[in-house]
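User: Please show me how to read the features of this model, one at a time, with the general idea before the case itself.

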Amino acid sequence: MLGKMGLKPYTIYEIKDLTRGEPDSPKIASFKLKPKDGQKFDFVPGMFSSLFLNPEDKLFRSYSIASCPTDDYMEFMIELINGKFTSRLANLKAGDEIYVSEPRGAFLYEPDDSHSDLFLAAGIGIAPFFSMLRYLKSKDMKRNVCLFYSIKHREDIVNAAELEGYKELGLNIIYTVTRDTDNGTWQGERGRINTQMIQNHLGDYASRTIYLCGGIRFVKDIVDELKAKGAKDEEIKRDIWGE
Ligand SMILES: Cc1cc2nc3c(=O)[nH]c(=O)nc-3n(C[C@H](O)[C@H](O)[C@H](O)COP(=O)(O)OP(=O)(O)OC[C@H]3O[C@@H](n4cnc5c(N)ncnc54)[C@H](O)[C@@H]3O)c2cc1C
């Protein structure tokens, strides 16, 4: 199986803590990796790779690629939940080796002039959207893209300044916080992303290509809602991370 996955050794050159929030905020780390042989993988924004700490290991986990295809490194944004694999990732340091599978997946970003985009991200589900936005920026492609991004607390927004910068490309961002611990100072949306919230901001969104990513509950619930409102299953591109 490992041979089929096309594993390559990479070196970790930077690990950065992206956590800025409250005690119950997710602990997220960015891992930047460079291929040991200098030959980086090609990929389409939205794809994922599997990471192995050792090529002989049976234990691996898959992660969306957050970097841009033109970067000379691969970046993964990983929520360290102290599970089987992430507890081991948490002990890694710059200079360590890690094995990366050939990128794959069906959640492919294919910007198309006939459609504008609707991105829906819950928590660490933002990771593949960084790859997509970085790709648009690398091509200086201005598009009508609307991103709904739910986080527990406002401090949990990953790379907030970078996201704000994409407004120059036409990105409209609606943040929604799901925990109410800010003493009423948050002016934006609250609660999980839902179709009513989308409609309130966009009106008719039927002509948009919908990309969504997050935990299995978020994806299932929002897909059911979108379908109930008339979206066709095949028009909703999704990345499902759970079983
Ligand atoms: C295609 C794909 C892309 C993915 N991309 C990313 C990514 O970019 N970033 C990322 O952090 N994860 C991503 N994941 C999830 C990742 O593969 C692991 O499931 C996750 O890191 C937990 O692994 P673990 O071994 O530490 O936990 P385990 O010991 O395997 O699991 C512990 C439990 O936690 C649940 N769980 C998994 N992720 C979370 C979470 N974020 N919050 C709460 N509970 C969780 C699992 O369903 C399981 O029940 C992706 C998964 C897939 C299939």
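Analyst: Let us start with exposure, where a residue is called buried under 20% relative accessible area, exposed over 50% and partly exposed in between (1.4 Å probe, protein chains only). With a relative accessible area of 52%, Q39 is exposed. This is a predicted model, in which local features need pLDDT of at least 70 and side-chain atom pairs pLDDT 80 or more, while totals for chains, interfaces and linings use all residues. Residues are numbered from 1 along each chain as its sequence is written, and side-chain values use heavy atoms, without hydrogens and water.

User: Where does Q39 lie?

Analyst: Q39 belongs to the loop between β2 and β3, where strands (E, at least two residues) and helices (H or I, at least four) are DSSP runs numbered from the N terminus. Between the C-alpha atoms of Q39 and F130, which are 91 residues apart along the chain, the separation is 22 Å.

User: How many aromatic pairs are there, and what describes such a pair?

Analyst: The distance of the centres and the angle of the planes describe a pair of aromatic rings. Rings of Phe, Tyr and Trp (its six-membered ring) pair if their centres lie within 6.5 Å, and planes under 30 degrees apart are stacked, over 60 edge-to-face and the rest tilted. By this rule the model has 11 aromatic pairs. One of them joins Y10 and F41, a stacked pair at 5.9 Å centre to centre with 25° between the planes. That pair links distant parts of the chain, since Y10 is in strand β1 (residues 8-17) and F41 in the loop between β2 (28-35) and β3 (48-52), 31 residues apart. Y10 and F41 are both buried.

User: Which rings have a charge over them?

Analyst: A charge sits over a ring if NZ of Lys or CZ of Arg is within 6 Å of the ring centre and within 35 degrees of the ring normal. The charged end of K8 is over the ring of F41, 5.7 Å from its centre, and K34 lies over the face of Y13, 4.6 Å from the ring centre.

User: What lines the largest pocket, and where does it lie?

Analyst: On a 1 Å grid over the protein atoms alone, a pocket is an open set of points with protein on both sides within 12 Å along at least five of seven lines, and lining residues have an atom within 4 Å of a point. Of the 36 residues that line the largest pocket, E79, I124, G214, G215 and W241 lie nearest its centre. Domain 1 (8-100) and domain 2 (117-240), with bounds from an automatic or database domain assignment, both contribute to this lining, so the largest pocket lies between them. The largest share, 4 residues, comes from β4, and the elements that each supply at least two residues include α5 (216-228) and β12 (236-240).

User: Which residues are nearest the centre of the second largest pocket?

Analyst: The second largest pocket has 14 lining residues, and Y205, A206, S207, A231 and E235 are those nearest its centre.

Methods. On a 1 Å grid over the protein atoms alone, a cavity is a set of points where a 1.4 Å probe fits but cannot get out, and a pocket is an open set with protein on both sides within 12 Å along at least five of seven lines; lining residues have an atom within 4 Å of a point.
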